[in-house]
Each structure stands twice: as C-alpha cells, then as structure tokens.
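User: I'd like to go through this model with you, a bit of surface first and then the overall build of one chain. Here it is.
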Amino acid sequence: MKGYAWLGALVLALLLAKSAGLLPAFLDELPLHLEKSSIDTLGDAGKEAYTELVPFGLILDHTFEFMREELGVSLVTRFVSKRLKELIDIFDNILRGGRKGLGLSAPPWTALLVIAFILGYSLKGWRLALLSGGTVMYFAIFGLWKFAMETLALLAAAVPISIIIGLLVGIVAYRKKWLELALLPILSVAQTLPHFAYLIPVVVFFGIGHQTGVIATIIFAVPPMVRLTLLGLQRVAPEIVEAGKMSGCTNLQLLFRVQLPSARNELLLGVNQVIMQCLAMVVIAAFIGASGLGYRLLHKLQSLKLGQSLEIGVAIVLLAVVLDGLSRAWAEKKRDYAADLPFHRRFRYPILLVVMVAAAYLLAPYFPILEKVPRDLTVTYAKTWDGLVDWIVLNWSDGLTNFRYFLIVNVLAPLRDALLYMPYPSVLLLVAGLGLLLGGYYSALLTLAFLVFIGLAGWWDRAMITAYMVVFATFICIVIGIPVGIFSALSERRAKTALFWCDTFQTFPSFIYILPVIMLFQVNDLSAIMAVIVYAIIPAVRYTVEGIRSIAPELEEAATMAGCNTRQRLVHLQLPVAIPHIMLGVNQTIMFAFSMVIIAAFVGTIDLGQQIFKALSETNIGKGVVLGLCVSFMALAVDHLVTRWARERRRLLGLD
Amino acid sequence: MKLFSKRAVASALFAGLGISGTATADCGSSDPIVIPTHNWSSQIVMSHVVGQLFEKIGCNVEYTSTDSQAVYEAVRIGDATIELEVWEGSFATSFNTALDKGGILDAGTHDAVTREEWWYPTYVEEHCPGLPDWEALAACAEMFARPDSGGKGVYVDGPVEWLHDPARIEALGMNFIQINVGGAAALWAELEAAAKQNKPIVMFNWSPNFTDALYGGSFIEFPAFDEKCKTDASWGINPDATNDCGSPAGGYLKKAAWYMMPVTWPAAYKALTRINFTTNHVGTMAMFVDVEEMEHDEAATRWIEENEDVWSPWLYASQ
C-alpha cells in the first residue's frame, strides 16, 4: 500500500501548493492551452492559439502529403474510388433504374416487396416475412423509396467488401503471428477512434461523393470482422485441425473445409456486426457525401423537420432489424433437409420467387400502382410528431428551467472547473495510481503513456472537458441503467422486452434526439450530456440483464434450496456473480459515451469534438487525426483498466 | 425565343427517355458535371435548377452532397465542377484561399444580395422595443442571459468553423457572450424552442433563408461595415479596437467553377457565367421546399417551368 500512499500524498501536495499559490507554473499547466478564464467567454474557440509540444499534427500532415504526392497513394485511392463508384452505380441502377450503371429501368416496387416477403418466409417463417415485407411497404408508403434504395445499394457494396477484407486480413493475421501482434493495437485504436476523425483522411485520399461515404463505411465495418475471424480461427479445437491434417488436407483445404466451417459462429457474428456497423454509419457517412436515407435525414434535421426525421430514423432501424433478422436466420439454417426432395419441392421458394417477381413485372404496366407508389398515396405522421415535440417543449420547458439551472450551476460547472483546476501532474499521478492498483506497473505505464500523448499534443484542457462530460454521463447511466437492468432481469418477459428496446435504440440515429434535447435544454454542456446519456445507457442496461440472466441454473437452484428470498438471492448471489459482466457493461457505457460525446459536438460544445468537426470542415488531416487519437487514447486507458479489473474479479469468483 | 424553347422541350424529352449522351455536340463532353449540394434548401434547389438547365443543353449532370467549406478544395481539384452559392460572409475566406492556390474560377456574381448578421425573430421587439439598434440590444443584455452565462446576454452563433469574429462584442463593449452551436440544425432548434415560448433570442442568421417566411425578423443594426474597421483600430466608436462594426450588409453571392470547365464543357460554362439569380428567386426556391414541402428536384422543375423567360437567355442567347 505504500506506493499508493505516496502517490496520494503527492497529489494532495500539488493541490495544496496550487491553492497556496506556491506551485511553479510548469507544474501547473501545460504551455499554451485554453485559458480557464476564457472558457466561458471564449466565443470563437477556433481562434485560440494552440501549439503542440510535439507537432504530431504537422508530422502527420507531412506524412500524408508524402504518401499522396510522392508515393502515389492517391493514384491508387482514386482508382479504387472510381471502380467502387461503378460498382455502386450498378447496384443503384438495379434497384432504382436511372441512367447510370447498366442502364436498366427501375423494377416495380412490388417486385422488391415480393422478394422481401418470400425471403423472410423461407428463412424463418411468417413473422420475419411480415417484418421484411412490412419494411419494404414502409419505405413505399412513407415516400422514402428512392432514399431507401440508395442506402440499400450502398449496403450491397459495402457489406460484402467489408466481409471479404475482414476475412482475408483475419486469416493472414491468424497465420502470421507478427501481423496479429501489429494488428491488435491498430484494431483497438480503430474501434475507439471517433467516426468524424476517420472521415478527414478518407476525404483527402478518396475525394468527395457517394463512393467516399461507402469507403468510410467499409473502413468502419472491417475491424470487428477481422477481430471475430481471428477469434473464431483461434478457438477451433486443435483436435479438429489435427484430424484435418491427418486426412491429408492441403493448407487451403484445411482452411476452407476445416477451420472456417468450425469458426462458423464467430464468422456469422462478424457478418452480423458488419451489417450493424454499416447501418450505424449511414448518417455519419452522409456528412461526406453518401446519399440515401442518411443524407435525407441530415437535410430534414437541417430544416428542423423533426417528424419527418423521425420517420427516416424508423426506416433505418427497420432496415437494421430486417437485415439482422435475415442474416441470423440464414446463418441458423444449418442443414439442407430438402436435398433429397424432387426439384419442384426442393426449390419451391426460388421458383415461387421467380414466378411472383415475373408477375409483378408483367402486371405493373397495367396497374401503375404496382409499378410505383404514387405520391398522393404516401402518408406521413410528421405533423403529429412535430405537435408532440411542440407540446413537450411548451409544457416542460419552464419546469425544466430550474432543474437545468441547478445542474449547470451547482454540478456541471464546478465539476468542469475542478478538473481544469487540477495541475496536470496530479491528474497523471491519479491515473497512474489507479493503473498500479488495478493492473500493476504495466497498466500504470500504459495509461500514463496514453495521457502523456494528449498533453504533448497540446489538447490537455479540451480533453479534460471531454472527460468531465463522459464521467458525468457515465455516472448517470450507471445510476439509472443498472437498477433498470436489475428490475428487467427479474422476469424472463421483462428481460426480453428490455433487450428488444436496447437493440432498437442502438441503431436509432442519435442525431434525431439531439434536436429535441436542444429545444428543451438549449445549447450547453447539459444538452450534450443528455444526448450522451440516452445513447450510452444502453449497454449498462443490456449487460446487467445479460449478466443476471446468464447465471448458471445450478447456482440459482442452490440459492433456492438454501432458502433465499428474492432480495437475498439478488444481494447474495445474482449481483456478486454478475458484477464482472456488469462491469464490462459499464466499460461499454464509457466507450459509447466517448463515441457519442464527439457526435454531441453537433449540439455545440467546447471540447475535443468541436475541434474535430472544425478539422473536418477545414479538411485539416493532421489536426483531425491527432484529436481523434486523443479521444481514442482516453477511451483505451479506461478500457484497459476496467477489463483488467473485471478479469481479475472473474478469476477470484472462479468463473473462468 | 419560341424556337429555342422547342429545342429545350426536345432535349428535356430525350433526357427523360434516358437517352443520354455519349459526347454531344452541345455540351462538349459526356463526362458528368458534378454539382455539389449542401445542407440548406435554396442551394439544393438552385443546384437542381442549374443541373436541369445543363441537361437541356445535353450535358450529363451528377449531384453530390458535400460540406459547404470543404467544397472549395473539391472544386479546385476537380472532384466537384461548380459551386453556385458562394456567400461572402461565410465562404469568402475559403473561396479566396482556393483562388490563391489556383484551380478554381470566379464565374461571376448573382444579383441576389446576401446578409449574414446577428438576427432576431420579430416577436423579440416586444421584449426589447429599441431593436434593431445594437445599443438597444446591449441595454437589454440580461434579458438574453442563461444559467451558464454569468448574467451576461447570450448570442447564439453558428459553428466555430464558420469563423465569426467574437472580437466585436468586446470592441463594442457589449455585456454579451457568444456561444457556438455545433451545426445549423442546432440554431433552428434554439430558434424554434424560443419562439414557441415567446422568449427573447438573438442568434446568427442569414438572408435569404427559410426563416424569413416562417418567423419574420430583422438583423441587428451595428455600425456600418467599413474595410478600415477590420484593420484600423482608431476607426469607429472604439478608438482602441478593431472590429467595432457589423458585417457587410450587401454581401455578394458568387458562382465558382473548376478551371477545366471552360475547356471540357464550354457551353455549360458559358451558361454558368450568365446564370444570375435574384434575391427573390432564391427566396422562392427555398419557399417551395421549406414552406410548401416539395422535393428539391420537383421544386427545381417547377421553378424552371414558371421562369422560362428568366433562364432561356442564359442558355440560348447569341454568343
């Protein structure tokens, strides 16, 4: 314990010295940062002079410039961009006609309806059929057809490409240890780097336009596929590989006939993750020119058409749910029971499909409504939703004024000021102490290194503002999310409902609720934090439910036999056993908070997120990437500490 | 004139039938002219109007959505071909930077006059009767205060990347602070919420904009802009500071083009230099979408139908 006592004493000494005015400036603040007094009055934070102790931004700028101009990388990227555009044009043309691509005319919308319906039915049954057919209907009657088709074309290109790249990289990394070692940290950074920091290099190398949005989507979707491929291959039992070798497999045969099929579950989870990641990027990719539902949504938000935005948001969620359902159902169909049946039985669904689609094509010329949904038949409930938002704003705002005032003046501002007041060495010492406590010297050094980068890059104070918003939002998420999770986990039915809402909210584009939040709370940190909470509370609930529901039945049985009542069972069994899993949920909450706090810069914050948006607008590649790394490193530091702790805890509980 | 419109109808028909060109004699190249669209309605409708006009002379057109600042770099390197709304107040810096680097052409100025300035919706005059005078606003400062503003009035400004100078508040000695929203949508959310509750608000806005029709409103009248105001501290009310004036009241609205456009699509470039929208046109285009809720391309088609006498000289005037 002596080490911690020393660290604590040092921190205290630093704080005391500062309050007594004895702290030398070089131990208090890093050179040339955002001045505290100016934070409140700093209107144009962009004017602030910022210099880096180490010019990471410039170094990156020159590196990228060198790659682009000298190494000719941009020739390659431009080529890729052009080919990809042609590919997307073809999908786009198949789905909605037009002059690009193959020059086909648009298929009747009923053809797609029939396909969705039969696909759903043949894979899973009526429920999935209704869901996927209903989603297609939704696009048509809510007047979103064109945009939904653009998004589908985007997905048709992005999803397979992401899967293939992910698979290939995963396989090679499995074979070559050095690549795996090099890849793991890159993947970690990639998965915590804010979306908007990605977009800048993508724009610089690939230009603007729809295809650039697709490329950003692919880059975002590949890392989970790589990770899961690698994990799946590593989990294949050595006996299986051995058996394959004994049967005389060549390397390729071993891979395709033995290892990949055995890693099936992880691979399918990877495919599923790719689809979800692609849909999560739909709106963000629209910032750099991807068209479709995301672009439509951004534009509607821009003219404050909240009701219409909501309808588009629902369309995106539906698309995610359907694609998720279809891909899962396809994955679960394990064996071909129909292999021995006669042709017309074996292929009854494909046959039905062809017949129905042909019917749609043949009938469409005679019944225009089958060809294209006329505009006057489309419906919208936008006005109702707008009315609801208006009502809430009108009736709740006054009541919320006091709440808002209290939180900002008594909680948020002091918290922010406290973090900014702390001399930087004291923050470093505290973090290092935490690392030492949870994971030893390695953890202490690693987390310290992450923070030192932020200091050297010159973004210390902005990072502290980001950190304070994340800390506060996480705190609220835990206080609300875990009890809600516990309550939901107590019955099977409630647990299912809770998980359903978690899934739905996770794919719901967060931009939509940012605006009503602003209308209620105005532009300030509180609004940004509220938006973060809405999104980051999901894993807190989900992991709590899962943690408690997945406790081994023997343990539950033993508790019952020992005569526990519900409360005793919860306190003495369920919570202690579930806590490592719940902590992983807390970890995810923090990761979600870091990712959302950057998006919440859309509200108007003065943290790292604001500067990332600005860098995107300026196409300032070095600055954007450095800022992104600052966010990523903070997230990784937390991630490291929490997973260390949870692992240790699981070991102590004998759960591994 | 009549002859020409027949020709227009014919080529529109061809476009509608999906018979697009390999290189057509009129346009010069079958490569698509890439027209960037941003996130405000008038610009998108105007882009579609110009795109549909280009199609009338046989060009291939493609639309792509881009950031409104990043677009100048895109035009400069040819990723986008033209930019139809270069607002002096917000984009002059980016536009001039691109001009200096080379690769972008100034394709002339619209008649439309733009203004970007501190603004309030009409009902705020009831709260603070002296408006739009800036001194009256300064006297009403605490009316605009918020919990986190320390008793000072709050001016809701656009995103930081729009590069507005906060020095004005200080130079004019106003008891205000400036907060920056993260995106234009946040501005409208602030405005809508304030208007619903009849609460005072002063924010950044521009004209022509959809808010003109929905909320009414006026710009704050600051001391008139003068070049010297930016550079010469002794100029203006505050003898010790620059920036003691408002933004230019009659800002330009320019068109820009990629430097290769006159070579690759000579006819389209010629038309572009003649294209000239008035404030009224811009307002109508925005209204079609924001008030009448039309789609952008439909609004563009309607504008073209209703304004043939305006655009046909742009396309078909003798050389």
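User: Is Met137(A) buried or exposed, or something in between?

Analyst: Keeping in mind that this is a predicted model, Met137(A) comes out as partly exposed, because its relative accessible area is 32%, which falls between the 20% limit for buried and the 50% limit for exposed.

User: And where does Met137(A) sit?

Analyst: Met137(A) belongs to helix H7 of chain A, and it also contributes to a nonpolar surface patch of about 510 Å², together with Ile141(A), Val379(A), Tyr381(A), Trp385(A) and Leu388(A).

User: Which elements give two or more residues to that nonpolar patch?

Analyst: Those are helix H7, spanning 126–141, and helix H20, spanning 382–421, both in chain A.

User: Switching to chain B, how many helices and strands are there?

Analyst: Chain B has 15 helices and 10 strands, and its radius of gyration is 22 Å, close to the 20 Å that the globule rule gives for 319 residues, so the chain is as compact as a globular protein of that length.

User: What box do its C-alpha atoms fill?

Analyst: Taken along the principal axes, the C-alpha atoms of chain B fill roughly 65 × 40 × 30 Å.

User: What about burial and contacts in chain B?

Analyst: Of its 319 residues, 56% count as buried, and among contacts with a separation of 6 or more, 69% are between residues 24 or more positions apart.

User: Last one: how much of the accessible surface of chain B belongs to carbon and sulfur atoms?

Analyst: Carbon and sulfur atoms account for 53% of an accessible surface that comes to about 12300 Å² for chain B.

How values were computed
Residues numbered from 1 in each chain as written. Chains lettered and ligands numbered in written order. Predicted model: local features only at pLDDT ≥ 70, side-chain atom pairs only at ≥ 80, totals over all residues. Heavy atoms only, no water. Patch = residues over 30% accessible without salt bridge, like charges linked within 9 Å, V, L, I, M, F, W, Y side chains within 5 Å. Areas by Shrake-Rupley, 256 points an atom, 1.4 Å probe, with all protein chains shown as cover. Salt bridge = Lys/Arg side-chain N within 4 Å of Asp/Glu carboxyl O. Helix = DSSP H or I, 4+ residues; strand = E, 2+ residues; numbered from the N terminus. Buried < 20%, exposed > 50% of the residue type's maximum accessible area, 1.4 Å probe, protein only. Rg over C-alpha atoms; globule rule 2.2 N^0.38 Å. Contact = heavy atoms within 4.5 Å.
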